[in-house]
Amino acid sequence: MTALEAGMLGQVLLLALAVTGALLVGTRWRSRVIGTLCALLAAAGIVTGAIALFGGEGSLTIPTALPMDPLVLSPDRLGGLVMMVVSAVGVLASLFGIGSARVASASRTSWVSMAVFLFGMQLVPAATDIVSFLLFWEIMTLGSTAMLLAHHATRGTVASAIVWYSAMSQLSFFFVLAGFAVLAAATGGTGFSGLATVDPASWQASLAFVLLLLGFGGKAELVPLHVWVPRVLPEAPGHVAAAMSGAMVNIGVYGALLVCVRLLPNGPAWWGVLIMALGGLSALYGILQASVASNLKVLLAYSTTENMGLVFLGLGASVLLRADDATAAADAALVAALLLMVSHAAFKATLFLGAGAIARSTGEMNLDRLGGLGSRMPWTAATFGAAAMGAAALPVTSGFVAEWMLLQALIHGSRVDGEVVSVTASVAMPLAVAVIALTAGLALLTFVKAYGIAFLARPRSPKATQAREVPVIMRVSLVLGALGVIALGLVPGPLAVAIASAVGPAFAPDVRTVGLAGVDARGIDAVLDPTTFVVLAALLLVPVLIALFASARRHPTRTSPLPWAGGGSRLRPRMQYTATSYAEPLVRVFDDVLRPSRDVEVTHVGESRYLVERVHVEQSVSDVIETRFYRPMLNAAQRFGILARRAQNGSIHRYLSYSFVALLSVLIVVSL
């Protein structure tokens with residue numbers, strides 16, 4: 001038995017232990033025991049993924065009672081990388097769940113679902129054929145759905161979120177199934193090695209590509225299949241939301257990579273344009289919605305759509321540049337997309353865990369009612385701040401390294417050796433750079449708002465005033481996540497080399513790292529070394545920190561009332577920005593895109609028409625795609641359903657007529 005086979009067998013055994021333990025262990029010890037087993041299951045996934053990533057070989061055969069070949073699990077290097085990423089997030093989520101799970105989250109259903117969910121995510125990248133891939137894909141989806149269902153009795157809004165999640169998940173599954181079916185029909189087999197023989201220039205390949213892109217894009221939260229995200233993630237507990245947003249979306253990315261890198265490499269240029277269009281639209285729409293959101297989890301959910309958009313933007317650029325024979329730039333864009341995937345898993349999992357810590361301590365997710373958490377929850381504040389820096393792509397974090405490498409690939413992608421590659425690439429690359437620049441600016445604004453108003457402002461509610469730090473085991477998970485964000489940003493060289501090896505020498509032959517992920521590949525010279533930015537940031541930051549600490553020691557915080565100062569008074573919460581007022585300029589600028597709704601209520605004094613006692617202004621921003629695209633279709637389907645009821649009037653004669661017409665139609669079709 002090889003090490004890879006032993007690792008996968010260990011995952012199966014740990015799953016069995018976790019499920020059995022969840023059914024047998026009592027309420028008092030269930031979260032501790034099963035949370036530990038889930039963390040061990042995820043740790044086994046890290047080990048197995050590392051073995052596969054660094055060249056380990058082996059396979060696990062699962063016999064079936066059906067008249068078909070047994071299922072074979074054997075992750076390659078790319079599958080090993082994805083398995084490591086989702087398993088690392090699983091470790092953090094499981095440890096956090098030990099301390100945060102309460103009532104519904106600590107039930108047998110919730111912990112069994114957590115173990116099944118982690119197991120499904122880990123083995124999707126290990127599949128070597130369509131059947132095993134779809135099987136573990138559905139295990140992953142069912143596990144996540146069951147975790148959400150555990151809370152339907154305690155919160156009424158969970159039911160609506162589950163309906164949306166189930167519908168969009170099955171829609172994604174339908175697209176994936178249809179895409180694989182097209183490839184299987186063209187090759188006559190279900191193994192990935194056989195599917196890779198399809199000619200990318202054929203119409204079957206193009207049809208399968210579009211269907212698979214829609215299916216995997218739905219799981220990766222791409223617009224317009226993202227509508228389940230702002231509904232589901234705010235309803236999920238912190239550790240569940242972290243596992244879904246930090247790990248599950250990467251399975252959608254893996255599916256797209258499987259198609260573009262393994263099954264249908266060297267596709268036509270329009271494939272890359274389509275992927276870039278979906279990625280750019282998702283990045284812009286996601287960060288716009290995040291920048292104006294006042295609910296912290298909704299903000300993070302839309303931010304995930306933005307990050308996944310950037311990943312697909314890099315993947316699309318790689319496909320487009322490879323079609324134009326700009327191999328080196330395509331390699332750099334592909335590695336940048338994978339760096340974005342890895343860095344997103346680190347900082348987004350930590351951010352959702354931080355949001356879960358806030359929810360546990362305050363029971364509040366509305367930023368307008370938070371504040372002052374920096375002094376009350378210092379561990380959460382520090383770790384959330386580090387992850388927010390990664391999400392805003394600031395230096396010394398993994399987010400900065402990934403976006404910097406993607407920018408270099410795009411900037412140099414339209415020219416090789418000083419010559420323009422193609423008109424399509426020369427137009428697409430500058431547009432992609434503009435998209436990244438806009439999203440980076442809005443992301444910085446978004447996370448300044450989230451961190452500043454939640455942690456640095458004065459508390460705006462009794463719940464925020466009474467907040468306390470979370471238990472130690474939850475803090476351990478937060479610290480590990482934050483350290484991962486910083487560590488991935490400080491050692492990008494080995495990380496980029498490992499990622500380049502994951503996509504194989506046939507797809508990344510010329511990529512090498514210079515400094516902090518600067519790329520020098522076949523005629524492409526790195527314009528600037530990001531190490532310079534890191535050193536410059538340190539030179540600027542260290543004196544500022546020294547000045548702040550010195551000022552704090554010299555001028556301690558006053559707690560006594562202010563003496564007479566020309567009518568001045570201490571800063572009160574009503575004098576500070578709220579999340580809504582902070583985002584108001586953006587709402588006005590992008591009014592045509594966001595379509596906000598405003599409600600102004602004016603209360604007059606007594607019977608007076610002129611004296612105003614109180615003005616209440618309420619503003620909300622809904623998902624335009626849901627309200628303008630999905631709602632009309634759902635309303636039309638509902639109207640059709642109401643009309644269709646008339647066909648069922650209880651008349652046996654009418655039902656026999658329906659059967660006769662159906663039989664007659666079938667006979668006519670068969671005869672033709």
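Predicted model: local features only at pLDDT ≥ 70, side-chain atom pairs only at ≥ 80, totals over all residues.
Select Asn-266 to begin: this residue is found in the loop between helix 10 (238–263) and helix 11 (269–292). Helices here are DSSP runs of H or I with at least four residues, numbered from the N terminus. Residues are numbered from 1 along each chain as its sequence is written.

Although Asn-266 is not a glycine, its phi is positive, at about 60°. Asn-266 counts as exposed because its relative accessibility is 54%; exposed means over 50% relative accessible area, buried under 20%, and partly exposed in between, with a 1.4 Å probe and protein chains only.

Next, select Glu-221, in the loop between helix 8 and helix 9. Glu-221 also is not a glycine and has a positive phi, of about 70°. Is Glu-221 buried or exposed? Glu-221 is buried, with a relative accessible area of 0%.

A cis peptide bond, with omega of about 10°, joins Val-223 and Pro-224.

Now display helix 2 (residues 27–53). With 27 residues at 1.5 Å a residue, helix 2 should span 39 Å, and its end C-alpha atoms are 39 Å apart, which agrees. The expected span is 1.5 Å times one less than the number of residues. Just after helix 2, Gly-55 takes a positive phi of about 100°.

Move to Gly-354, which lies in helix 13 (residues 327–362). Gly-354 counts as buried because its relative accessibility is 0%. Leaving aside residues up to four places away in sequence, Gly-354 touches Thr-380, Phe-384 and Leu-478, where contact means heavy atoms within 4.5 Å. Then select Gly-481: 127 residues separate Gly-354 and Gly-481 in sequence, and their C-alpha atoms are 10.0 Å apart in space.

Two cysteines come next. Cys-38 counts as buried at 0% relative accessibility, and Cys-260 is buried with a relative accessible area of 11%. The structure holds zero disulfides, a disulfide being a pair of cysteine sulfur atoms within 2.5 Å.

Finish at Leu-548, found in helix 21 (residues 530–554). Leu-548 is exposed, with a relative accessible area of 53%.

Definitions and conventions. Heavy atoms only, no water. Helix = DSSP H or I, 4+ residues; strand = E, 2+ residues; numbered from the N terminus.
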